[in-house]
Every structure is written in C-alpha cells, then in structure tokens.
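Here is a fold to go through by question and answer. Each reply sets a value against its definition.

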Amino acid sequence: MWLGLAGRSVLVTGAASGIGLACAQALLAEGARVGTIDLADPATVQADVTDEQQLASAVDTIAQRLGGIDVVVGCAGISGPVGTPLEQTGLAEFTQVLAVNVTGQFLLVKHALPWLRRAVDPAVVLLASDSAFVSAPGMAPYCASKGAVVALTRALAVELDGVRVNCVCPSIVDTPMARADLGDTALDTAEFPVQAAQDVAAHVLYLASARSRTVNGQAVLADFGWSARSNFPA
C-alpha cells in the first residue's frame with residue numbers, strides 16, 4: 001500500500017529502542033525525514049519528556065532541522081512497577097509512570113502543535129496499550145496511565161481541528177522493556193501471542209499517513225482479539 005510518507009517530516013519520541021526504534025526505522029524505509037528524541041541515546045536529540053523546557057527545546061531543534069513537523073509519534077514510555085500490589089506501590093512510583101506516559105505525551109503535542117498547524121494533513125499517533133482496556137494484577141500505575149492516553153487522544157482529536165490524533169494499543173510486545181519486566185523465558189515460551197515492535201510500527205505508519213485521513217480520535221486495539229473473548233464456557 002502506498003502510504004505517501006516520503007518526504008514527510010516526522011518526530012518520534014522514545015526512539016532509542018523497542019517500538020520507537022521500529023517506528024523510526026519503518027518511517028525511514030518509507031522515505032520520511034525523521035527526527036528522534038530519547039532520554040539516554042546520544043544518537044538522538046536527548047530530552048526528558050517530563051521536563052517541559054527540555055522537551056520544548058528538543059521539538060524546536062528537530063523542527064528547525066527538518067524544516068517543520070508534519071507528523072508526531074509519541075512512543076516514550078515506562079512500565080513502572082510490575083507485579084507490585086497497590087499497597088506496596090509508592091506515590092513516587094505512581095507519579096513517575098503518569099509523568100512519563102501521560103504528561104510526556106501532553107507536552108509533546110503541546111509544543112509540536114505550532115509546527116503541526118503549519119503542515120498539510122498533520123497527524124499525531126500516540127502509543128497506549130491494551131492495558132487501557134484490560135488489566136493484570138500489580139500494574140495499576142501503568143494501566144491508569146494508558147487509560148489516560150486513550151482519553152487524551154480523544155480530547156485532542158476533538159480540540160485540535162485539522163490535526164488528526166489517534167493511538168495504538170498493543171498487547172505484549174517483544175521489546176527490551178518487556179523482557180526486563182517479564183524475563184526472557186516468559187516471552188520465549190509464552191502461552192499467549194506476543195507481537196513484534198514492527199507489528200506496532202505498521203499500525204503507526206498507517207495512522208500517520210493520508211491513507212487514514214478519515215480516522216480520528218480512535219484507539220486501535222491490537223491484541224490478537226483476546227479482549228473480544230467471552231468467559232462463557234463454550
């Protein structure tokens with residue numbers, strides 16, 4: 001499918017590894033001009049997405065380098081406590097997850113918006129999770145943050161007239177973060193389907209492209225259909 005992304009200026013956060021890296025690589029393969037932001041990788045424009053001044057400066061640097069911003073892809077995120085009961089979850093842990101996963105997306109769109117408003121067919125794609133819709137014990141901060149990203153997506157789609165805003169909500173993805181949280185064995189011998197970062201990137205590219213011009217304010221749930229299953233014993 002022709003996506004028409006060649007020559008488009010795209011900003012990707014969280015681009016050093018995992019889904020963000022897969023998105024950046026897929027966009028480059030389509031001929032897009034890509035600027036990347038990550039906290040730890042000197043190959044990107046380094047910025048903490050929770051620091052408004054740092055992020056604003058990084059967005060401006062990339063916009064100047066690319067001659068504008070047509071598309072924003074927000075992939076920066078953390079999992080926070082995994083398998084930690086609520087009563088053992090500290091306030092600092094909870095607020096950090098929301099700061100990165102929600103505030104970081106808010107600040108990204110806020111500071112990219114002046115550039116997006118100058119673009120033709122601008123689009124924003126945020127990374128949420130199936131954890132916005134289904135939950136596992138011990139992940140309350142993460143689930144809350146991803147639910148907020150879905151709500152933020154809808155709010156921005158309504159408010160930002162002329163800028164399409166959607167999010168992708170994958171189930172478990174084989175990334176360095178997931179392996180650090182769950183362990184190699186859990187993913188390599190999983191009794192549930194595990195997707196690749198490239199699978200998620202394919203959804204992101206579609207939503208970033210003019211092919212999806214009628215899609216706005218949507219949370220694309222990519223979970224192999226597991227959330228559609230009934231508990232009915234049949």
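Q: What is the bridge partner of Val 10 in E4?
A: In E4, Val 10 has Val 71 as its bridge partner. The model is predicted, with local features needing pLDDT of at least 70 and side-chain atom pairs pLDDT 80 or more, while totals for chains, interfaces and linings use all residues. Residues are numbered from 1 along each chain as its sequence is written, and side-chain values use heavy atoms, without hydrogens and water.

Q: What makes E1 and E4 paired strands?
A: Strands are DSSP runs of E, at least two residues, and helices are runs of H or I, at least four, numbered from the N terminus. Two strands pair if DSSP finds at least two bridges between them. E1 and strand E4 (residues 71–74) have 4 bridges and run parallel. Val 12 stands opposite Val 73 in E4.

Q: What pairs with E1 over 5 bridges?
A: Strand E2 (residues 33–38) does, in the parallel sense. Here Ser 9 stands opposite Arg 33. The chain gets from E1 to E2 through helix H1 (residues 18–29), and this β-α-β crossover is right-handed. That term applies if, with the strands pointing away from the viewer, the path from the first strand over the helix to the second runs clockwise.

Q: Why are E3 and E9 at the edges?
A: The open sheet has 7 strands in the order E3-E2-E1-E4-E5-E6-E9, with parallel pairing. Strand E3 (45–46) and strand E9 (219–222) each have a single partner strand, so one side of each lacks a neighbour in the sheet.

Q: Why is strand E1 called mostly covered?
A: Buried means under 20% relative accessible area (exposed is over 50%, partly exposed in between; 1.4 Å probe, protein chains only). In E1 (residues 9–13), 5 of 5 residues are buried. Ser 9, Leu 11 and Thr 13 point one way, Val 10 and Val 12 the other.

Q: What makes a charge sit over the ring of Trp 115?
A: The rule wants NZ of Lys or CZ of Arg within 6 Å of the ring centre and within 35 degrees of the ring normal. The charged end of Arg 118 sits over Trp 115, 4.4 Å from the ring centre. Arg 229 lies over the face of Trp 226, at 4.7 Å.

Q: Which residues is Ile 69 in contact with, beyond four places in sequence?
A: Contact means heavy atoms within 4.5 Å. Ile 69 is in contact with Ser 9, Leu 11, Val 59, Ala 63, Trp 115, Leu 116 and Ala 119.
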